[in-house]
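Here's a quick tour of a two-chain model, written for someone who likes cut-offs spelled out. Have a look at the structure first, then read on.

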Amino acid sequence: MSENGINHKFAFYLGCIAPNRYPGVESASIKAMKKLGVELVPLKGASCCPAPGAFGSIDLAVFYAMAARNLVLAEQMKMDIALVCNGCYKSIWEVNHKLKHNKDLRDAVNEVLKEVDMEYKGTINVYHTAELLYNDKFIGVDKIRDSVTNPLTGARIAVHYGCHLVKPHKDREFEKEVMLNTECPTWMEELVAAIGATPVEYRNKMMCCGAGGGVRGYDIVHALDITNEKLINLMEEKVDALTDICPFCQLQFDRGQIEIQEKFGKTYNLPVLHFAELLGLAQGMSPQELGLDLHGISCEPLLQKVL
Amino acid sequence: MARTKGYPEALEKKLSEQRFFREDSNPEFTKNVKAISRTIAHMCYQCGTCTGSCPSAPRSSYRIRKFMRRAVLGLENEALTDPDLWLCTTCYSCSDRCPRDIIPTDVIMSMRNLAFKRDIVPVNFLKTVQAIYSSGHGVPNNDVNRAAREKLGLTRDPPTTHMYPEYMPGIRKIIDHYKLKAEADRIVKEREG
């Protein structure tokens with residue numbers, strides 16, 4: 001262990017929705033990861049990843065170049081990237097992977113980056129914080145369990161894995177092989193159990209939140225109908241909260257419940273928390289410190305059970 | 001008598017003539033889809049696992065299998081003018097389960113890219129481009145969130161392009177290289193006046 005108990009340092013790529021809609025995810029990640037020996041250093045001047053669905057649908061060539069710019073910023077810091085959002089993972093990890101393995105794409109991107117005095121070299125790796133938490137090379141389940149001061153005992157918590165961290169699994173290269181299972185993975189449930197809560201399985205767990213691919217902007221009712229189906233499946237299991245590892249999914253489930261109420265007249269009041277927020281709670285951070293009051297759906301019912 | 005491996009020449013010729021059998025099919029479209037998607041759409045044997053895995057299928061007329069067929073047959077107009085093209089949430093469930101190891105989601109993405117080149121694109125996609133061009137973020141910060149960030153002990157603006165706007169000219173240069181902002185502005189103006 002090195003100084004101050006910090007074993008690993010990463011350039012913290014924020015994306016858009018975490019810092020600009022759920023800032024508690026940002027602060028909780030920084031604090032919780034620090035307690036686990038991982039320092040997240042700001043990645044100055046980063047932009048939108050850019051949004052794989054909305055931006056990638058328009059022109060993939062520009063999408064590659066824009067994502068490469070973010071990668072180069074981290075290359076200049078000589079640090080691997082850590083991020084908290086599945087959408088960002090799809091852009092940043094996947095473009096990094098594609099550019100490393102396809103010379104034609106790399107050359108095309110570098111031709112454009114030359115205009116802004118940048119060059120993509122392919123010298124860094126990209127990780128999702130959920131991956132860092134699960135992989136004992138960085139943190140691991142045992143270390144998380146040891147960091148818990150306020151176990152979330154009695155809380156029934158279901159996991160929404162989301163899509164773009166793990167799918168398509170044929171292209172992914174996780175060190176932990178269980179993360180390549182996209183039909184019925186349970187590694188996130190292990191994390192939920194590590195913070196003292198009871199992980200709950202539900203029907204069609206791996207289904208999409210409905211927001212991706214620009215569909216939330218294109219046809220909000222269609223997107224919400226997918227979300228609504230997931231919420232029905234979740235309520236069948238009487239869960240106290242849903243945890244996610246993607247602020248965009250969180251937005252769709254959290255603010256989406258308000259929209260579902262307006263459009264479909266259905267009320268669920270299911271608290272939706274990013275795993276970083278849950279971990280923060282279990283490590284003794286206060287709800288105010290985590291910005292839980294910024295959520296569209298009140299987290300009170302869950303908090304009453306675990307605090 | 002033992003049969004030769006592969007098709008006899010005459011049969012091969014006959015098949016290649018029949019490969020694109022509709023008046024409106026465009027072999028270039030098949031090639032363009034393959035080049036942009038970097039996946040092997042032409043290997044699709046229409047089993048339908050993709051549509052069966054699709055969260056959008058049960059609640060709309062969107063059928064990913066149909067788009068796969070259009071890719072193979074070069075049915076460009078039919079594919080690009082179908083509004084269902086924009087109902088894919090890009091969840092990659094179809095890609096995870098495809099027994100031919102095709103990535104149908106990326107076929108959809110390539111078709112959307114090709115549709116954009118013909119000005120066929122929903123406005124919300126263009127607005128994301130405009131937002132990123134102006135602030136670097138698809139979902140930008142606002143005053144309520146700035147106050148909330150301050151309470152959490154964070155900087156009012158995140159240490160991204162929001163806090164360091166000096167990075168914006170580089171971003172705009174990249175987008176302008178492809179003339180993407182100008183195109184987005186033009187199409188939005190045509191639609192919304």
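Domain bounds here come from an automatic or database domain assignment. For chain B, that assignment gives domain 1 (23-117) and domain 2 (123-192). The C-alpha centres of these two domains of chain B sit 30 Å apart.

Some housekeeping before going further. This is a predicted model, so local features need pLDDT of at least 70 and side-chain atom pairs count only at pLDDT 80 or more, while totals for chains, interfaces and linings use all residues. Residues are numbered from 1 along each chain as its sequence is written, and chains are lettered from A, with ligands numbered from 1, in the order in which they are written.

**Chain B on its own**

Chain B has 11 helices and 0 strands, where helices (H or I, at least four residues) and strands (E, at least two) are DSSP runs numbered from the N terminus. What radius of gyration does chain B have? The value is 22 Å, while a compact globule of 193 residues would have one near 16 Å; the radius is taken over C-alpha atoms, and the globule rule is 2.2 Å times the number of residues to the power 0.38. Along the principal axes, the C-alpha atoms of chain B fill a box of roughly 85 × 35 × 30 Å. Buried residues account for 41% of the 193 residues in chain B. Buried is 20 or more other C-beta atoms within 10 Å of a residue's own, exposed is 12 or fewer, and partly exposed is in between, with C-beta atoms placed from the backbone.

**Where the chains meet**

Between the chains, 53 residues of chain B are in contact with 56 residues of chain A. Contact means that the C-beta atoms of two residues, placed from the backbone, lie within 7 Å. On the chain B side, α6 (93-97), α7 (104-117), α8 (123-135), α9 (143-151) and α10 (168-177) each supply at least two residues. The most comes from α10(B), with 6 residues.

**The two domains of chain A**

Chain A is assigned domain 1 (3-128) and domain 2 (149-306). Their centres, taken over C-alpha atoms, are 23 Å apart. The contact between them takes 24 residues from domain 1 of chain A and 26 residues from domain 2 of chain A. On the domain 1 side, α1 (17-21), α2 (23-35) and α4 (86-101) of chain A give two or more residues each, and α2(A) gives the most, with 9 residues.

**A sheet in chain A**

Chain A has an open sheet of 4 strands in the order β6-β5-β7-β8, with parallel pairing; two strands pair if DSSP finds at least two bridges between them. β6 (198-200) and β8 (272-274) of chain A stand at the edges with a single partner strand each, so one side of each has no neighbour in the sheet. Strand β5 (residues 156-160) of chain A pairs with β6(A) over 3 bridges, and Ile157(A) has Pro199(A) as its bridge partner in β6(A). Helix α11 (residues 247-264) of chain A packs on the sheet, touching β5, β7 (241-244) and β8 of chain A, and its direction makes about 170° with that of β8(A). Axes are lines fitted to C-alpha atoms, for helices over the stretch in contact, and angles run from 0 to 180 degrees between N-to-C directions.
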